[in-house]
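Keep the structure open as you read.

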Amino acid sequence: MTPETLDSVTSVDPIMRMPRLIVQAHGLMIESHAGTHVLIVDTASGRRTRIGRGAYELLCRFARPAPLEAGVVADAGAGIERSIHALLARGLLADAEKPRVDVPAPRRPVPLRFCHAPAANAGQDADITVLGIPYDLGGRGNHRDAPALIRMKSQDYAYFVDFDSRLPLGWHDAAAGHRIMAGVSLCDAGDVPVHFGEEQSTSMDRITEALATLPSATSVCVILGGDATSTYAAVRQAAKSGPLNVVRMALSVDETASDGELICVANLDQHLARLSGVLGVSNLCETHAQQTLPTGNVYLAIDLGAMDLTVPQLNKGLSIDEANALVAAVAESGRLVGISMTGLDMDRPEAPLAAIAACHVLLRAMHRAMLSRRRA
């Protein structure tokens, strides 16, 4: 969303009552700061506001509940009081005696965005939108911090837009010998908040709601997981736009789960197959791609647990080259409408390498997705 601008003095509602005690709103985060301005994000609502340096210093005076006088200095007078009114009106300051009741936002900002891409804003028409889902209650392993690690490793890739053409420059793929993602716009929509302990259906509904709030309905959504169960909500939302096939790249799980249980990694394929609009679910790691790949709309779900990232390789999964080849084959056969990258286990020693591999495979998959949509 486009940030509001709040400088030192702003017009305010003259009848607004000044609280007896004032305090900073809960959940404020600095997105960026320069010499004269600070960009602040309200993580509860996702609202972004650009304020002057003076207004920011004034805001800092109310880190703890205090009366109006705490923010007024002797030589400032009414100007500071008007600024405090403005900060209250925009929700950056609050009545300490009447805590704000927040409706949880379906998405929250993140400190680092994928490949330095801009934040997703209302009215933006990006070709690809990245969304993090730090959900890991559907299987074994520690996956909840994986979206943050993937974004951190993606900082090695800088997203630039040409000054004259206003088109993204993309990146040179040294292995392929050509540029990828040239002209493809990218944005990062932040993370879906996951409240551990809540019902799984509530988490899945919030993921679906977050997907529905993305700026462009025509954008290809790329999910950073989390474990593979987040794919369920992503496919459920994608299937609302039309029938699709789901292609997974995942190893078999040595567990059993009945149909009546919650969605988990072990029974994900069965739950996906029952979704309205899903024509079929196939797993390339189980079939070794020895089947006819689906045509039409395809949702591609990549599980990093299916890749062998050990050095030297133990041949217990796909190499990066094999994963890229499978992605290319799927995109050549069908039209990619969504991509999930899940299964990065933070407790495994190769987690940092897996995050690097995720960025590499994802950028190529995004490029292939754009090519598949242009052919359609």
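A residue counts as buried under 20% relative accessible area, as exposed over 50%, and as partly exposed in between (1.4 Å probe, protein chains only). Helices (H or I, at least four residues) and strands (E, at least two) are DSSP runs, numbered from the N terminus. This is a predicted model, in which local features need pLDDT of at least 70, side-chain atom pairs count only at pLDDT 80 or more, and totals for chains, interfaces and linings use all residues. Residues are numbered from 1 along each chain as its sequence is written, and side-chain values use heavy atoms, with hydrogens and water left out.

Start with strand β4, residues 37-42, where six of six residues are buried. In a regular strand, side chains alternate between the two faces of the sheet. In β4, H37, L39 and V41 sit on one side and V38, I40 and D42 on the other, and both faces are covered.

Who are the neighbours of β4? Two strands pair if DSSP finds at least two bridges between them. Strand β3 (residues 28-33) runs antiparallel to β4, with five bridges, and L28 has D42 as its bridge partner. A hairpin of three residues links β3 to β4. Strand β5 (residues 48-52) is also antiparallel to β4, again through five bridges, and V38 stands opposite I51. The β4-β5 hairpin has five residues between the strands, and G46 there takes a positive phi near 80°.

Now jump to helix α4, residues 200-212. Buried residues in α4 include M204, I207 and L211, and their cover includes β7 (128-133), β11 (220-225) and α5 (230-238).

Terms used:
Contact means heavy atoms within 4.5 Å.
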